[in-house]
Amino acid sequence: MNASLSTAAPWWRPNTGHRLIVRGGRPLVGTYPISGAKNAVLPLMVSALLTPHLVTLRNVPANLDVAVLVALLQRLGCGMHWSASDSGLAVTIAADRVQPRRIDAELVTRMRASVLLFGALLARGGEAALPMPGGDAIGLRGIDFHVTGLRAMGATIELTDGTIRATARDGLRGADILLPQPSVGATENLLLAAVAATGTTTIRNAAREPEIADLATCLIAMGARIAGLGTHVLTIEGGALLGGAVHTVLPDRIEFGTLACAAALTDGELVLPHGRVELLGAAAASFAAAGIDLHDTEDGVVARRAKDGLIGVDLTTAPYPGFATDLQAPMMALLAAAAGTSAITESIFEQRFRHVDELRKMGADIAVRGRTARIRGVGRLHGAAVTCTDVRAAAALVLAGVGAEGETTLDGLDHLDRGYDGMTEKLAACGADIARR
Ligand code: UD1
């Protein structure tokens, strides 16, 4: 599939090496530019389905999830024009001739974020049918909030034989929706649908992740009327005729936080252009307490180890602005090598400790009970053969590898490629001994 993806996304380079070899123990020193956010660009690309006019996105990260969505959108009839400049990759999407029935089922099952197509296609064409979207194996990850919300907006939805079918023959209408949990995907899906619906939609207990405000900002530039950005209540006056827009994708706070951990873990010093400390939410305080020193400079945020070294901390993941679940695995890789003990409680996903077994192979001392992992810092991990089990676990294992003594080999690299733009090359440019074979 990698080859067909590079036809759809010309910048996508299918990787020949299936294994990543990391020889650890060198401090990372240099500049590691932070890309556009994966979790922002996916809904932003889907938003182009709501208008026949051109939507241009700048600062697009070149990762596998984006390549999959590009292929899905092309199959649906979208035109895509790519350009590259010093400020990164840009795409212009033309969705003037969309054929909602031309869904590529195989691609949908590769990525959970494909569920975002549901609201937009339903809004655009009055019908949508998708196989159950795939993605990381990190829990049930139901889509019940999406379904309940769209039903409240007048959609008829059936789930049969693994396919979700929805119709809204008379169009979607505004509704007052209370999310049981602040789900990122459900907030985005309902926001996309509400913009095209008639009347007012209120999404209560909405997720507040910065990527949602980024989506809303682009939709507003297209002509949508949305209030409450960054709060738990989004109010959308639907039905505006949407035009085109030019939008720059928000920097990736997860890539930024991960690389901040890498700088401190290896006792190096990384300049992280486009990194934004304020987007880390509660993770900023946990980082400081654990000995990750961050300060702003003209060239970007500089990350290094604090002079007292790495120290164990306790933390619980939570919806934004709480500690991001996507930074939980990288932080665990760091704490495994810190002084003292730490406790990490995962409150968002019920199966997001699959990296623990892999870190243990590298000498980590971690015990899991229920949703809490207790970590006894061992000073330094050692290299081992490990397998990436999800996107963020993959980043954590790369981090553990660059910080460890000896050689680490990583399998399951599709997970790494899904979420990170050129991580191997960017790390090598900062002195890591890392290569794909
Ligand atoms: C998004 C992010 C992912 C991040 C997660 C939480 C993208 C592309 N992915 O995933 O990187 O880890 O937010 O910050 O942006 N839930 C239900 N029913 C639903 C929807 C969600 O039970 O209909 C549950 C999920 O199982 C999970 C929790 O709600 O336990 C949060 O999920 P959600 O915020 O929806 O995550 P995603 O949007 O899938």
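Predicted model: local features only at pLDDT ≥ 70, side-chain atom pairs only at ≥ 80, totals over all residues.
Around the ligand stand 17 residues, and the closest are Arg112, Asp144, Ser183, Asp326 and Ile348. Several contacts can be followed atom by atom. Phenylalanine 145 brings a backbone N or O atom to 2.7 Å from an oxygen atom of the ligand. Isoleucine 348, which is also listed among the closest residues, likewise has a backbone N or O atom lying 2.7 Å from an oxygen atom of the ligand. With arginine 352 the side chain takes part: an N or O atom there is 3.3 Å from an oxygen atom of the ligand. On its own the ligand has 740 Å² of accessible area, and the protein covers 88% of this. Two elements, α6 (144–152) and α7 (184–196), each give two or more residues to the shell around the ligand. The largest share comes from α6, with three residues.

Attention can now turn to the second largest pocket, which has a volume of about 600 Å³. Its lining consists of 30 residues, and those nearest the centre of the pocket are Ser35, Ala62, Asp421, Gly422 and Lys426. Strands and helices both take part in this lining: β3 (54–60), β5 (88–94), α14 (413–419) and α15 (423–429) are the elements that give two or more residues. Of the elements, α15 supplies the largest share of the lining, namely four residues.

Tyrosine 320 and proline 321 are joined by a cis peptide bond, with omega at about 10°. Proline 321 belongs to the loop that runs between β17 (314–316) and α11 (328–335).

Two residues other than glycine have a positive phi. One of them is asparagine 205, with phi near 55°. Asparagine 205 sits in the loop between β10 (200–204) and α8 (210–221). Its relative accessible area is 24%, so asparagine 205 counts as partly exposed. Aspartate 267 also has a positive phi near 55°. This aspartate is located in the loop between α9 (253–265) and β14 (269–272). With a relative accessible area of 48%, aspartate 267 is partly exposed too.

The loop between α9 and β14 is also the place of threonine 266. Is threonine 266 buried or exposed? Threonine 266 is buried, because its relative accessible area is 7%, and the cut-off for buried is under 20%. The side chain of threonine 266 makes polar contacts with the backbone. A polar atom of this side chain lies 3.0 Å from the backbone oxygen of alanine 262. The threonine 266 side chain also reaches the backbone oxygen of alanine 263, here at 3.4 Å.

Key. Residues numbered from 1 in each chain as written. Heavy atoms only, no water. 1 Å grid on protein atoms, 1.4 Å probe; cavity = no way out; pocket = protein on both sides within 12 Å on 5 of 7 lines; lining within 4 Å. Points joined across faces, edges and corners; volume = space filled by probe spheres on them. Near = heavy atom within 4 Å. Polar contact = N/O pair within 3.5 Å; in protein donor to acceptor, adjacent residues only side chain to side chain. Areas by Shrake-Rupley, 256 points an atom, 1.4 Å probe, with all protein chains shown as cover. Buried < 20%, exposed > 50% of the residue type's maximum accessible area, 1.4 Å probe, protein only.
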